[in-house]
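Q: Here is a model to go through. How does each label attached to it follow from its definition?

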Amino acid sequence: MTTGKVAEPSRTPGVSQTDIVVESIRHMLIDGRLRPGDRLPVEKDLAAALGVSRNPLREGVRALSMMGVLETRQGDGTYVTKLDPSMLLAPLGFVVDLQEGSGTHHLHAVRRILETEAAASAALRIASAELDAAAELLRHNGAELTLEEPNHETVIENDIAFHRIIAEAAGNPVLTALIDALGGRTMRDRLRRSISQPGADETAHSEHLSILAALTTHDPDRARTRMAAHLFTVEDYLLERGVVSPTTE
């Protein structure tokens, strides 16, 4: 990256220098002046190039680091990350954690939309090794559910891993990252259902077996339908629990 004066985004009155740093670096990434793995100029030169003082520069770099765009290496400088979708979308999990009431139901609805299409795509792409891994998780859950007091957390963790295999098999890293942010962070709702609703784990296990069967036969329509039916049960539970009334749909 050159250290000359950088073309800055328009300076709207009231916009802080920190915002200018964030926007300027965003523009440099978009137009290719900065690429994944590039090292940023030293602080003095970068501050001069952006037309800001050093403190706002540090705050902007810190904000971009929290978003997964930059990483500061002790004694070596600041670099652009690989800009991996899973890292860039990780903050979405924080948003998910803060949702209660109708927000929870809406998040599950988005998860259902994404995962049904992921299942259809995965049915066309999934490899034997991935099918074996998914089947092994379900075998573990089947054994766990025969116990007098099954470990609900173990069952849910295997559930999440099963869904992650399907998401990854879809072959779209952005889709995988979105599903991981939504699915992994809604564990508390599934765990609550697992403990409070008799037969919930057994129902989910049966639905997972149906999904796996559709994936094994590489049937995208059946995989989509089975996944949708499975995830609707979670949404039905939220409605029955009074998280949101049907009139808010």
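**Cavity, pocket and core**

A: Start with the largest cavity: α11 gives the most to its lining, with five residues. The model is a predicted one.

Q: What makes a space a cavity, and how many cavities of 30 Å³ or more does a search of the whole structure find?
A: A cavity is a set of points where a 1.4 Å probe fits but cannot get out. The search of the whole structure finds three of 30 Å³ or more. The largest cavity has a volume of about 140 Å³. Two or more residues of its lining come from each of α8 (152-169), α10 (187-196), α11 (200-216) and α12 (220-240).

Q: Which residues lie nearest the centre of the largest cavity?
A: I156, D159, R193, D201 and A204 do, out of 17 lining residues.

Q: What classes make up the lining of the largest cavity?
A: Seven residues are nonpolar, five polar and five charged. Asp and Arg count as charged, Ile and Ala as nonpolar.

Q: Why is T233 called buried?
A: Buried means under 20% relative accessible area. T233 has 19% relative accessibility, so T233 counts as buried. T233 lies in helix α12. Leaving out residues up to four places away in sequence, T233 touches R193 and E207.

Q: What makes a space a pocket, and what is the volume of the largest pocket?
A: A pocket is an open set of points, with protein on both sides within 12 Å along at least five of seven lines. The largest pocket has a volume of about 220 Å³.

Q: Which residues line the largest pocket?
A: The lining consists of R39, L40, P41, V42, E43, L46, L57, R58, V61, R62, G77 and T78. At least two of the lining residues come from each of α2 (43-50), α3 (54-66) and β2 (77-80). The largest share, four residues, is from α3.

Q: What makes a group of residues a nonpolar core, and which members of the largest one touch the most other members?
A: The members must be buried, of a nonpolar type such as Phe, Ile, Leu, Ala or Met, and joined through side-chain atoms within 4.5 Å. The largest core has 20 residues, and F162, I166, I211, L212, L215, A223 and M227 touch the most other members. Elements giving two or more residues to this core are α6 (102-125), α7 (128-144), α8, α11 and α12. α7 gives the most, with five.

Q: Which residues is I211 in contact with, leaving aside neighbours within four places in sequence?
A: I211 is in contact with F162, I166, R226, M227 and H230. Contact requires heavy atoms within 4.5 Å.

Q: Which residues does the second, separate core include?
A: This core has 17 residues, among them V22, L57, L64 and V69. L57 also lines the largest pocket.

Q: Why do nonpolar side chains group in this way?
A: In soluble globular proteins, nonpolar side chains tend to be buried together.

Q: What share of the protein chain counts as buried?
A: 42% of the 249 residues do. The chain holds twelve helices and two strands.

Notes
Residues are numbered from 1 along each chain as its sequence is written. This is a predicted model: local features need pLDDT of at least 70, side-chain atom pairs count only at pLDDT 80 or more; totals for chains, interfaces and linings use all residues. Side-chain values use heavy atoms; hydrogens and water are left out. On a 1 Å grid over the protein atoms alone, a cavity is a set of points where a 1.4 Å probe fits but cannot get out, and a pocket is an open set with protein on both sides within 12 Å along at least five of seven lines; lining residues have an atom within 4 Å of a point. Grid points are joined across faces, edges and corners, and a volume is the space filled by probe spheres set on the points. Buried means under 20% relative accessible area, exposed over 50%, partly exposed in between (1.4 Å probe, protein chains only).
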